[in-house]
Amino acid sequence: MIKLFSHIREILLAECEPVGIRRKERMKDVHSLSDAWLLVKDDQILDFGKMDDLTCYLNTHGIYPTEEINCTGRLIFPAFADSHTHLVFTATREQEFVDKINGLTYEEIAARGGGILNSAEKLAHATEEELLESAMQRINEVMQTGTGALEIKSGYGLSMEGELKILRVIKSIKEKNILPVKATFLGAHAYPRMYKENHTAYLDLLRHELLPNIAAEQLADYMDVFCEANYFSVQEMELLLEAAAKYGLKPKVHVNQFNSLGGIVAAVKHQALSVDHLEVVTYDDIESLKSSNTIATLLPGCSLFINIPFAPARELIDAGVAVALASDYNPGSAPSGNMQLVMSLACMRMKMLPEEALIASTIHGAAAMEMQHQIGTITPGKKANFIITHPVSSITYLPYAFGTNHVSSLYIYGRRMV
Ligand code: NIG
Ligand code: FE
């Protein structure tokens, strides 16, 4: 099956070779091709070129497309790779939304028994089937706005049964093979009430009981810890990362959301794939990141929703840190998985240029899930995972005209999903 996408206004991130992280000025380099064609064979990108050369190309290669899709006026670019979500959960938390309107902070709501513990209590009563059904609805929802790959965290179980349940749901999502998915174990999301005064016992449960079971069932690719005041200390995080490393789970951690405790420096030391949030960063944090391979994953939807500072993207990029953008889709701090909104917020509130926001949401998101060789650019041999927009003038129009869905169709593994 060969599909021909013809008369494309512009293909963005059209790269002949698979490319990885771009730092500083290079983060503005979006290679593009105008008045272009794209060929897809089964689930892969076969090639691309200029319309002028199409007939010659097809003749020389003896290619007879089975279908032609006319893309006049439209852009094609890689599907969004959302590398930080918590989209397996059971209940939304709109009451906390009202509490916030009435003046309570995220931390005050958590202290009153809301927040993560509230979600964990509700998840304890849900079955795997129910969780899978609601997660699939959310996946369908985020595909409508262009998401073509996901990282999904546990972290609303906070018990042996609960964490295994949520990770098994993520495994079932993976097995459906609808889109590329990575799973992250976030048992260290918050201390359950019964362990409030006995951290050691919970850390032991995570290290000595949960991790071996997770490894035996191959339920996780990465290890996450919410390193924050009133959650997990830097020392506790390090203990957990060391334990996870024995099972081959690399760190992807929540750090510096409200306070800079030294979690970034420690995570870099443990060769974290990514450090996520970073609404509060210090000079030392930036220094340690810029000379590392650790990706800084910024989550502007969370800043908007819980009204906290936006991460200093400009400073990070200019210093040479690798920056990705993700949605943080979760019921408490970012109840949206819309990556177009994330791109708009990055431009409007974090001073990222549209090209930088695009790279951060595609190839850098893919790299933050170690999938940069399969997805994240339009490259021959990579998976045919891309977005076709409605007719628009340029990539700049997308984050500019915020709040509108610019996705006309989404292809994943060469199949039209939207
Ligand atoms: O990334 N900060 C920690 N975890 C999530 C929020 C989880 C929740 O409030 O349910 C986050 O913002
Ligand atoms: Fe998160």
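An oxygen atom of ligand 1 lies 3.4 Å from an N or O atom in the side chain of His86, a polar contact (a pair of N or O atoms within 3.5 Å). The model is predicted: local features need pLDDT of at least 70, side-chain atom pairs count only at pLDDT 80 or more, and totals for chains, interfaces and linings use all residues. Residues are numbered from 1 along each chain as its sequence is written, ligands are numbered from 1 in the order in which they are written, and side-chain values use heavy atoms, without hydrogens and water.

**Ligand 1**
- Oxygen atoms of ligand 1 also lie 2.8 Å from a side-chain N or O atom of Arg93 and 2.4 Å from one of Tyr106.
- The protein covers 100% of the 330 Å² of accessible area that ligand 1 has on its own (Shrake-Rupley method, 1.4 Å probe).

**Iron ion**
- His86 (NE2) also coordinates the iron ion (ligand 2), together with His84 (NE2), His254 (NE2) and Asp328 (OD), at 2.1 to 2.2 Å; donors are N, O and S atoms within 2.8 Å of the metal (3.2 Å for Na, K and Ca).
- Along the chain, the donors of the iron ion follow the spacing H-x1-H-x167-H-x73-D.
- His86 and Asp328 are 242 residues apart and link distant parts of the chain.

Notes
A polar contact is a pair of N or O atoms within 3.5 Å; within protein, one must be able to donate a hydrogen and the other to accept it, and residues adjacent in sequence count only if both atoms are side-chain atoms. Helices (H or I, at least four residues) and strands (E, at least two) are DSSP runs, numbered from the N terminus.
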